[in-house]
Amino acid sequence: MTTLTEVPEAAAARETPARRRRRVDRLPYLLLLPALLIIGVLLLWPLGQVVVMSFYRLNSVRQLRGDREWPWVGFGNYAEILADPFFLTVLRNTVLFAAANVLLTMVLGTLVGLLLNRLGRKMATFVASCVMLAWATPALTGTIVWKWIFDDTSGLVTWLFNALPDGLSNSVFGRSDWTGYGWFNSPLLFFAILTLVVVWHSFPFIAVSVLAGLKSVPSELHEAARVDGAGPWRVFWTITFPLLRPVFGILIVLSTIWDFKVFTQQFVLAGGTQDRPTFMLAIYSYAEAFSPPPKYGLGSAIAVILTLILLVVTGFYVRMVLRQEDES
């Protein structure tokens, strides 16, 4: 007679290897299911709503509440945006700003990461902790501080320029009294300050990520290169950079995404959405959607275009990584 304890053993014995393998293969997907559900609710559903709204003409809150009909315009919002010459100006501002910020962030972050790797453990921990304060500071808080630094009456920069000797200030800058000078009035100067704020907030993450990658590089390779007479510059480009290429690739993509979507810093420094010559895609989408009269469909179309640009950038990087894996 078969006992109760023998039943599970008999069932396990009858289970085929293929069935056991299918059951094991489902386990990772089951573990990922809660995270996928959260991502779907918090990210994919709002994104889907924005895509749907971009095909309608929505000009009132009552339409969003469902009290009024949504007029279907198809690709009319996209055609209106792409035919607007101002969109090309905004796109140019966004691309140039993102390119400059990615370059400066990567260079500064890499240099700081290399410095941290050369310091002792205690000093490296102290410097890294100080550097990460900028990364940990909320974008809104940090931007408010920077806006005060460049305040035209009581800001630190205004005070420093007023402290310069009158002869030097007049000969170099053409003025001696800087009180009331609008640091944010010129588009070029505005973008320079905005770049300073964004790079200050972004480079600590790059530095710590590069430092983590450097810790994985065998020190014997660097020592052998130095014995052969290679200088720091040659060691970096022949040993460090090739080994950390995947790390730099990921950091470049992340920095590109973050810099394309800069909104908080620009909104605070500009004091709203009045400074149209300095518009970029993120604040352009916001201004079209919420500035009176609101154009929610038009703003959604701009947001979708921005998302598509970022997807192209990400897809290009993924393709590059897959090609490198195939070649290796």
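1. In helix α4 (residues 76-83), N77, Y78 and I81 are buried, where buried stands for under 20% relative accessible area, exposed for over 50% and partly exposed for values in between (1.4 Å probe, protein chains only). Helices here are DSSP runs of H or I of at least four residues, strands are runs of E of at least two, and both are numbered from the N terminus.

2. The model is predicted: local features need pLDDT of at least 70, side-chain atom pairs count only at pLDDT 80 or more, and totals for chains, interfaces and linings use all residues. Residues are numbered from 1 along each chain as its sequence is written, and side-chain values use heavy atoms, with hydrogens and water left out.

3. F87 is in contact (heavy atoms within 4.5 Å) with I81, L82, L281, Y284 and I305, leaving aside neighbours within four places in sequence.

4. The structure holds 37 aromatic pairs. Rings of Phe, Tyr and Trp (its six-membered ring) pair if their centres lie within 6.5 Å; planes under 30 degrees apart count as stacked, over 60 as edge-to-face and the rest as tilted. F150 and W183 form an edge-to-face pair, 6.1 Å centre to centre with 70° between the planes. This pair links distant parts of the chain, 33 residues apart: F150 is in the loop between α7 (139-149) and α8 (156-162), and W183 in the loop between α9 (166-173) and α10 (187-215). Both F150 and W183 are buried.

5. F236 and F248 are also paired edge-to-face, at 6.4 Å centre to centre and 75° between the planes. F236 lies in helix α12 (residues 232-243) and F248 in helix α13 (residues 245-260); both residues are buried.

6. Ring pairs join a cluster whose members include F97, W146, F150, W183, F190, F191 and W200. Two of these residues, F190 and F191, are in contact with T278, as are N93, P187 and Q266, leaving aside neighbours within four places in sequence. T278 is placed in the loop between α14 (264-270) and α15 (281-290) and is buried, with a relative accessible area of 0%.

7. The charged end of R276 sits over the ring of F86, 4.2 Å from its centre. The criterion is NZ of Lys or CZ of Arg within 6 Å of the ring centre and within 35 degrees of the ring normal.

8. An unreviewed UniProt entry lists residues 91-317 as "domain: ABC transmembrane type-1"; UniProt positions follow the numbering used here, feature names are shortened, and annotations may be inferred rather than shown by experiment. Over residues 91-317 the chain is 77% helix and 0% strand, with end C-alpha atoms 21 Å apart. The entry's "transmembrane region" spans include residues 95-116 and 123-149. Residues 95-116 are 100% helix, with end C-alpha atoms 31 Å apart; residues 123-149 are 93% helix, with a corresponding distance of 29 Å.
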